[in-house]
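Biologist: I am new to this structure and would like a close look at a single part of it. Please take it slowly and keep to plain terms.

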Amino acid sequence: MDKLTLLDWKRRIFALYAEVRAADDPESAWQRWCTVRADLYRTHPQSPRVGGEPAYFAYNADLRFEASVERVEPAPLEIAGSGGSTTRFRRFALAHFDDMSLELYWLEAYGGGVFLPFADATSGEETYGAGRYLLDTLKGADLGTKGGQMVLDFNFAYQPS
């Protein structure tokens with residue numbers, strides 16, 4: 001049953017992000033995202049924090065951007081997992097927004113997916129020290145595009161499980 005409950009978790013997360021992408025109002029979509037995730041984290045058997053609940057900063061519209069994407073020379077990235085495993089990614093692009101750029105990575109495992117990790121001034125203080133994720137399309141975390149540009153809304157950032 002563990003595989004079936006994990007499948008249910010993944011379906012719910014993917015459906016939640018589809019709902020967020022379809023919403024007209026980003027803040028209302030974020031509120032819905034917080035509510036559904038909190039319920040899943042409290043009650044779902046595949047929750048990384050069964051009985052717990054994620055904490056969120058207040059919504060800030062200034063943290064939502066539409067980024068242009070530029071292909072760059074591929075570069076490898078390996079991230080160590082908590083169980084001694086290593087996950088391999090390959091940088092493939094830069095997302096440019098508001099005089100900043102973040103690297104976009106492709107998961108080099110079966111199924112692939114876009115991955116956008118980042119660290120900011122909250123890292124190690126208010127959030128996980130190694131940083132947070134904004135996009136992880138293998139896990140359904142994808143805010144889509146608008147006008148041909150990638151939507152980056154840091155209100156949707158989350159910490160590793």
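Which element do the buried residues of α2 pack against?

Modeller: This is a predicted model. The buried residues of α2 pack against α1, which covers residues 2-22. Those buried residues of α2 are Ala-29, Trp-30, Trp-33, Cys-34, Val-36, Arg-37, Ala-38, Leu-40 and Tyr-41. The helix itself has 18 residues, and from its first C-alpha to its last it reaches 26 Å. That span is close to the 26 Å expected at 1.5 Å a residue.

Helix α2 also takes part in a pocket. With three residues, α2 gives the most to the lining of the second largest pocket. Two elements give two or more residues to that lining: α2 (26-43) and β3 (100-107). The space in the second largest pocket comes to about 560 Å³. Its lining is made up of 26 residues, and those nearest the pocket centre are Phe-57, Asp-120, Arg-132, Phe-154 and Ala-157. Sorted by class, the lining has 17 nonpolar, four polar and five charged residues.

One further residue can be described, in a strand. Strand β5 runs over residues 132-136, and Asp-136 lies in it. Asp-136 counts as buried because its relative accessibility is 7%, and buried means under 20%. Leaving aside residues up to four places away in sequence, Asp-136 touches Val-114, Phe-115, Ala-141 and Tyr-158.

Technical notes
Residues numbered from 1 in each chain as written. Predicted model: local features only at pLDDT ≥ 70, side-chain atom pairs only at ≥ 80, totals over all residues. Heavy atoms only, no water. Helix = DSSP H or I, 4+ residues; strand = E, 2+ residues; numbered from the N terminus. Buried < 20%, exposed > 50% of the residue type's maximum accessible area, 1.4 Å probe, protein only. Contact = heavy atoms within 4.5 Å. 1 Å grid on protein atoms, 1.4 Å probe; cavity = no way out; pocket = protein on both sides within 12 Å on 5 of 7 lines; lining within 4 Å. Points joined across faces, edges and corners; volume = space filled by probe spheres on them. Nonpolar A, V, L, I, M, F, W, Y, C, P; charged D, E, K, R; others polar. Expected span 1.5 Å × (residues − 1).
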